[in-house]
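Please look over the chain shown below before reading on. The report takes up its strand pairing and then its domains.

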Amino acid sequence: MIEVKNVCKEFSDVKVLYDICAEFLPGKTNLTIGQSGSGKTVLLKCIAGLHSVTSGDILYDGRSFCAMNEKQRKEIRKEMGMVFQGGALFDSNTVEENVMFPLEMFTRMTFEERRERANECLKRVNIINANKKYPSEISGGMQKRVAIARAIALNPKYLYCDEPNSGLDPVTSIVIDNLIKDITVEYNITTIVNTHDMNSVMEIGDKIIFIYKGRKKWEGTSAEIFSSGVKELDDFVFASERMKKIREMSK
Amino acid sequence: MGAVCAIQMAYNLQNPIVPRYLIGLGTRETMLLEFSSTIVALILAGKVGSNIASELGTMRVTEQIDALEMMGVNSACYLILPKIAAFVFFIPVLTVFSMAIGLLGGYVASFSTAGLTPHDYVVGITSFFRPFYVTYALIKSLVFAFIIASVSSYHGYYAFGGALEVGKSSTHAVVYSSIVVLMFNLILTKLLL
C-alpha cells in the first residue's frame, strides 16, 4: 500500500500541491483524475520519487520514502514500474532492448534470460513480431504497450501510469486500460493511473481521487462519481454542454 | 587550411631577402600551434556540441531521462560520462589527422603557387621542428574536448519544455562551448608556451 501524507510541492514560488492525503491499495487500479495542470503528474512524480516533496511524506508499506537514503531508494525503485505520458522509450534501442533495459540494470540475468523475460512481457501486452523494430517504427498504441511491458519486466509491486491513453483512439485506449487492469489484478500490483479520460474512469477505476488546482477535492469509486455533489467534479465529468443537458434530463 | 596558409604566406613573403622555406615553416607552425587544435575544436563545437545538446535535450523533454532515473540509473553518469570519455579519447586522433591533412594541403598548394616550390615547402616543414608543439596541440585538444562535451551536455541535460527549448539549448551549447574554448585557448597558450 502507498500512503500519501499531507504532501505539498512547490516549484520556486509556485505552489502546485496543497496538503494531499491519499491511500492507494494493492491489487486495485487507483485513478487520479483532474484537469490538465491540476497537479496529477507532479503528484505521481512525487510518489515515484522523481520530484522531492516540499513537505509531507510518502509511505511504501509503512516505509517512509522521504527518509530513505539513495541506496534505499534504489532498492525500492526495483519494485516500481512507470509508464510515462509519451511512452519514454529509448529511441536508440529496439523494442526488445527497451524491455531488457531494467533487467540489465537490476538483475544478474544472462543475455538469453533477459531476452526470454522481455519476450514474455512483450507477449503479455500482445506485441508480436516487433522485437527488432525501433520505437519510431511502431504506432503510438504499440509504444504504450511496449512501455507497459518495460514497466512490468521486473515484476513491480507498484505501477504508475501517467495518462497511458492520451493521444490514442477510444478502442486502443480501452485495450490499454484493460491491460493495466488485468496486470494489476494478476500480479497484485498497487497501480496508480493519472487520467482525464472518463472512459478509463468508468472502465477500470476501483478507487478515484479527484484533484482540483492542486487540492484533493473528492475520493470515491466510479459508481459514486456521478452523485458526488462536488461542483468542480461535476463540471469536470459533465464538461460539454451536451453532457450537462443529459445530466439535467436525468435529474 | 594548410593550403590557404601556404598561399597567403607566399603572397605576403615576396621579399627576396626572406628565404622561401620560411613559407613551409610558417605553415607548419600555424597548423601545429593553432589550427589543428583550436579551429578543429570550434568546428566540432558546432557539430558535436549541438548533437550532444539536442540528443540529451530531446531525451529530457520526452521523459527518457526520467525513465532512466525511475529505473535507479544515475542518468547524468550513464549518459554524459561516455560522451566525454569518447570525445576526449578520440579528439587527439582528429587533431593529428588535421595536422597531416593541413600539411599535405600546403604541399599540394605549393605546386600551383607563385614564389613557392614543393622543395622549398618540404624543406620548411622539416626544419627546426620542436616536438613539444605537437604535445602542446594535443594537450589543448584534450582540454577543448572536455569543454565541448561537458558544456554541451550541461545545456542538453538541463533543457526543459519542448522542441523550441531543445533548439535553444543546442544553440547555447555551441555558443558557450565556443566562447569557453577560445578563453581556454588563451589561458593554455600563456601557461604552456
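## A pair of strands

In this predicted model, Thr29(A) stands opposite Thr191(A), a residue of strand E8(A). The two strands concerned, E3 (residues 29–33) and E8 (residues 190–195) of chain A, run parallel and are joined by 5 bridges.

## The sheet and a helix on it

Strands E3 and E8 belong to an open sheet of 6 strands in chain A, whose order is E6-E7-E8-E3-E9-E10 and whose pairing is mixed. At its edges lie strand E6 (80–83) and strand E10 (215–220) of chain A, each of which pairs on one side only. On average, and with direction ignored, neighbouring strands of this sheet are turned by 15 degrees against each other.

Helix H5 (residues 140–152) of chain A packs on the sheet, where it touches E6 and strand E7 (158–162) of chain A, and the direction of the helix makes about 170 degrees with that of E6(A).

The domain assignment divides chain A into domain 1, which is made of two segments (2–79 + 157–250), and domain 2 (91–155). Taken over C-alpha atoms, the centres of domain 1 and domain 2 of chain A are separated by 25 Å.

Where the domains of chain A meet, 11 residues of domain 1 are in contact with 11 residues of domain 2. On the domain 1 side, helix H6 (residues 170–187) of chain A supplies the largest share, 6 residues.

Definitions and conventions: Residues are numbered from 1 along each chain as its sequence is written. Chains are lettered from A and ligands numbered from 1 in the order in which they are written. This is a predicted model: local features need pLDDT of at least 70, side-chain atom pairs count only at pLDDT 80 or more; totals for chains, interfaces and linings use all residues. Two strands pair if DSSP finds at least two bridges between them. Helices (H or I, at least four residues) and strands (E, at least two) are DSSP runs, numbered from the N terminus. Axes are lines fitted to C-alpha atoms, for helices over the stretch in contact, and angles run from 0 to 180 degrees between N-to-C directions. Two residues are in contact if their C-beta atoms, placed from the backbone, lie within 7 Å. Domain bounds come from an automatic or database domain assignment.
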